[in-house]
Amino acid sequence: MPKEKINAFLDEIKSVNWYERCMIPNEKYHMVFSLYEANDGIWRIKANEVWETNICPLEDIAVEKIGDNEIFETISATIGDTVWNKFGEFIKRRHLDDQLAVVDELFDSVKRDMAWACVEYLMDTPGFFTMLTSIYKEGYFPCSWDGEYPSGKAVVL
């Protein structure tokens, strides 16, 4: 069952428009306009707080309900090349070659978010990471949170 559901999730995220709208203003979100701003400083601190408060309880439930599954490896192997190539296209499109020092961290966070979204999908408990998936589908990169979660809004690149 988990393998079938993981494949269904992977089919669902094929519709993600990776980075297509990054840096295009949208009033729904708090926008940042550099890779460094998306990954460093106050936004990184806030992201760590919000993401961790959503990962910890999910992890406890996931271990109990689905056990030690290879979700993270499967997601990474399946979407890694596509996400990496789309990220490269975004870098070129936006002339961000001078900001590449944080690329690996940002790339890994996409795979992490999608893996946790898959866990939510497997457990039929849409939550924070499912919401992030909808932001990714819009073509933005959610990198932090502005305000107290769940109030406030996503910070996107």
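A cavity, on a 1 Å grid over the protein atoms alone, is a set of points where a 1.4 Å probe fits but cannot get out, and its lining residues have an atom within 4 Å of a point. A volume is the space filled by probe spheres set on the points, with grid points joined across faces, edges and corners.

This is a predicted model, where local features need pLDDT of at least 70, side-chain atom pairs count only at pLDDT 80 or more, and totals for linings use all residues. Residues are numbered from 1 along each chain, and side-chain values use heavy atoms, without hydrogens or water.

**View A. The cavity.** The whole structure holds 1 cavity of 30 Å³ or more. The largest cavity has a volume of about 40 Å³. Among the residues lining it are Arg44, Trp51, Asp113 and Cys143.

**View B. Tyr19 meets Phe87.** Rings of Phe, Tyr and Trp (its six-membered ring) pair if their centres lie within 6.5 Å; planes under 30 degrees apart are stacked, over 60 edge-to-face and the rest tilted. The count comes to 16 aromatic pairs. In one of them, the centres of Tyr19 and Phe87 are 4.8 Å apart with planes at 65 degrees, so this pair is edge-to-face. Tyr19 is buried at 2% relative accessibility, and Phe87 is buried at 3% (buried: under 20% relative accessible area, 1.4 Å probe, protein chains only).

**View C. An aromatic cluster.** Trp51, Phe72, Trp116, Phe128, Phe129, Trp145 and Tyr149 come together in one aromatic cluster.

**View D. Lys5 and Tyr121.** Lys5 lies over the face of Tyr121, 5.4 Å from the ring centre (a charge sits over a ring if NZ of Lys or CZ of Arg is within 6 Å of the centre and within 35 degrees of the ring normal).

How values were computed: Buried means under 20% relative accessible area, exposed over 50%, partly exposed in between (1.4 Å probe, protein chains only). On a 1 Å grid over the protein atoms alone, a cavity is a set of points where a 1.4 Å probe fits but cannot get out, and a pocket is an open set with protein on both sides within 12 Å along at least five of seven lines; lining residues have an atom within 4 Å of a point.
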